[in-house]
Amino acid sequence: MRWTNTFIPTMKESPAEAEIVSHKLLLRAGLVRKLTGGLYTFLPAGLRALKKVEQIVREEMDRAGALEVLMPALQPPDIWEKSGRLESAQDVLFHVKDRSKKDWVLGPTHEEVITTLVAGELNSYKQLPVNFYQIQTKFRDEIRPRFGLMRAKEFIMKDAYSFDIEDESSNASYKRMYDAYGRIFARCGLRAFPVEADTGVMGGAHSHEFMVPAETGENEVVYSESGDYAANIEKATSQGPLKITPQESCSAAEKFETPNVKTIDDLTTRFDVLPEQQIKTLVYIADGKFVLLLLRGDDLLEEAKLGSFLKCALFRAATDIEIYELLGAYPGSLGAVDINKDIRILADNVLKGASGMVTGANDDGFHLKNVDIKRDIHIDDWCDLRKVKTGELCLKTGEPLKIQRAIEVGHVFKLGTKYSEALGAKVLDERGKNVPCIMGCYGIGVTRTLQAVIEQCFDENGINWPTSVAPYQVCVTALDVDEDSEVMKLASRIYDELGAKGVDVILDDRPVRPGIKFKDSELIGFPLRIGIGKRSLENGNVELKPKSDEMILCSPNETVDKALEWLEANRV
C-alpha cells in the first residue's frame, strides 16, 4: 500500500477525551475515530491490525477443534427469560422494538442462542463433544463507557461454547480452550496470565480470566511472587489479617454514648477503638429479603463473594430509609446484637472467636462494647466476605500476596448444565437416558485485546507493535518522492520485493518533510522503518530503523534480505 492511497489521519496532540495511553494512541495514530460515547469507527490502519488479531484467534480456535458459526445479534427475549438472565442481566441489555412493537434484545453474548441451536439439532451423545465459536459484534449498555475500546457499548468478541456428555470430557474441552488462549495472547505479543475468577452472572462451576498487567487496568489481580497463585480480587482468598487475641472473659455488652459517630474512623479517632476491634454491620437485600453482613472494622466487603455465597444474582445495598425501618437506626449505629427479627446474619470468617468488640447499638448515637460474637450474636452462616489486602499470606504458598492492576482480555467458564437444562439442550446417553449437555463458554474481547497490546507496547514516541498484529510490518520511507529520482526508484523496488515475499509493507510516498514522515512512523509504530534519502544513498547506505532498537546500515542490494532477517528474528 502506498501512503497516498490510504487514509491515516495522525494527530499531533492527544484529544481531551482520552484518559489512558492506549486510548490516546488509538486516536493520535489514526486507527479509530469516536462517533459518540462507547462507539468507534475503525479506520483503515486500525482495521488491518484488528483483522490480524481476529485471524490469530480464528487460527487457534480451529487448531483447538472448534467450529466457526455466525449467530444473529438480534435475539428474542423469551430465550433470555428461560435462562433467567432477562432480569439478572437487565443492566447491560439493549432492548429494541420492531415495526410490530415486538420486543428484541441486542446480544451482549450468545449462550442462549447457541444452546437453543443445540437443543434443536443434537440428540445423541455420539454427536458430542462439539465446540462452536464465532467472531461477532456485541452490544452492552455500559453505564459509563470509557477508555476507548476497553469499555464500549459496541465491541467485537470471540465467543465459543462447548457441549459434552460427561465431566471428564467437559474438563478436556475447558483445557483445550485454556491452552488455546495462552497461545492466542502470546502470538499477539501480550504478556497475559490466567487467574482464578468469579463466575458472576454467567454462573457455573469455575472460571479463569486472562489478564494483561497494566496500571490503567480496571481489574485487580492478587498473586504470589512464585506465580503459583493468581486470582481476581473478587475471588482471591488469603490467610487473613492477624487476629486479635480474644479476651479470656468478657463482661456483659454495655451500651455507651457515641454522638455524631458515623464511621469506623470516627469511632477510632474520638473513642480510641481500633478498627480491628470493631464489628462493621452492612445491610443488603437479596431476592427481596434483608441480610445483615458482619465484617471486622478494617475490612471491606467484596460483593462478588457475597453473590457467590448467596447464589443470588440480584442483590443490593439497602437504602438508609430501608435500614431505619428495619433496625430503627441509621448507618453508623448499626449492629446485630440480640436481633430478634427473622433476619439472616452472615459473618466473615475473620470474626470467629472475636470478643471484647465494639458494634452499633441500633440506636442512633450509641454503640455497644464488650461484645462477644459467639455469646451475643446469632450467626446463621460464616463465610469469606472480605477483600484481600496486600501483604496477607497466601493460603496455597504461604507467601505474602501482591496486588496489581490488569486488563481482562479473555474469560473461560465451565458452565455445567445451567443453560442446557433451562433451554432443553439434552441428548440420549449410552443408556438411552435423556441428559443435559455439560457446557463451557469462552470469550475473548477482540477489540479490547487490540487496545491491550497498545497499552502494554508503547514508548514516548508512539506504539511499539509486535510484528504479528502491526497494521504494516515495514514502512519504506522515501525522502524524495519524485518518481524519476534514484531514491524513489529504489524505494519502489524494495517495496515491491518485500510485498512479493509476503511482507505487509507500506511505502511513504507523501510529499511532506522528512521530520513529519519519521514522527508519523514512530507514532503509528511500524516495527521496521527503511529510510532512503539522497545523501545516505550517495554514501551507499540504506537505513533500517527498528522501532525499539538501534539503526542498521546496509547497502541497497542487502536491504531486502536484512529486512527479512530482522522480521524473522522478531517474529512473535
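## Strand 20 and strand 17

In this predicted model, Trp382 of strand 20 is the bridge partner of Ala347. The pairing of strand 17 with strand 20 (residues 381–383) runs in the parallel sense and comprises 3 bridges.

Strand 17 also pairs with strand 15 (residues 289–296), again in the parallel sense, over 4 bridges. Here Val291 has Arg344 of strand 17 as its bridge partner. Strand 17 itself spans residues 344–348 and is mostly covered, with 4 of its 5 residues buried.

## The largest nonpolar core

The largest nonpolar core holds 59 residues. The members that touch the most others are Leu31, Met61, Tyr181, Ile184, Phe185 and Trp465. Helix 2 (residues 44–63) supplies the largest share of this core, 7 residues. Residues of the core come from both domain 1 (18–75 + 106–218 + 403–455) and domain 3 (472–569), so the core lies between these two domains.

## Contacts of Phe185

Phe185 is one of the members of the largest core that touch the most other members. When neighbours within four places in sequence are left aside, Phe185 is in contact with Leu190, Ala192, Phe210, Val409, Gly410, Ile444 and Thr449.

Terms used:
Residues are numbered from 1 along each chain as its sequence is written. This is a predicted model: local features need pLDDT of at least 70, side-chain atom pairs count only at pLDDT 80 or more; totals for chains, interfaces and linings use all residues. Side-chain values use heavy atoms; hydrogens and water are left out. A nonpolar core is a set of buried Ala, Val, Leu, Ile, Met, Phe, Trp, Tyr and Cys residues joined through side-chain atoms within 4.5 Å. Buried means under 20% relative accessible area, exposed over 50%, partly exposed in between (1.4 Å probe, protein chains only). Helices (H or I, at least four residues) and strands (E, at least two) are DSSP runs, numbered from the N terminus. Domain bounds come from an automatic or database domain assignment. Contact means heavy atoms within 4.5 Å. Two strands pair if DSSP finds at least two bridges between them.
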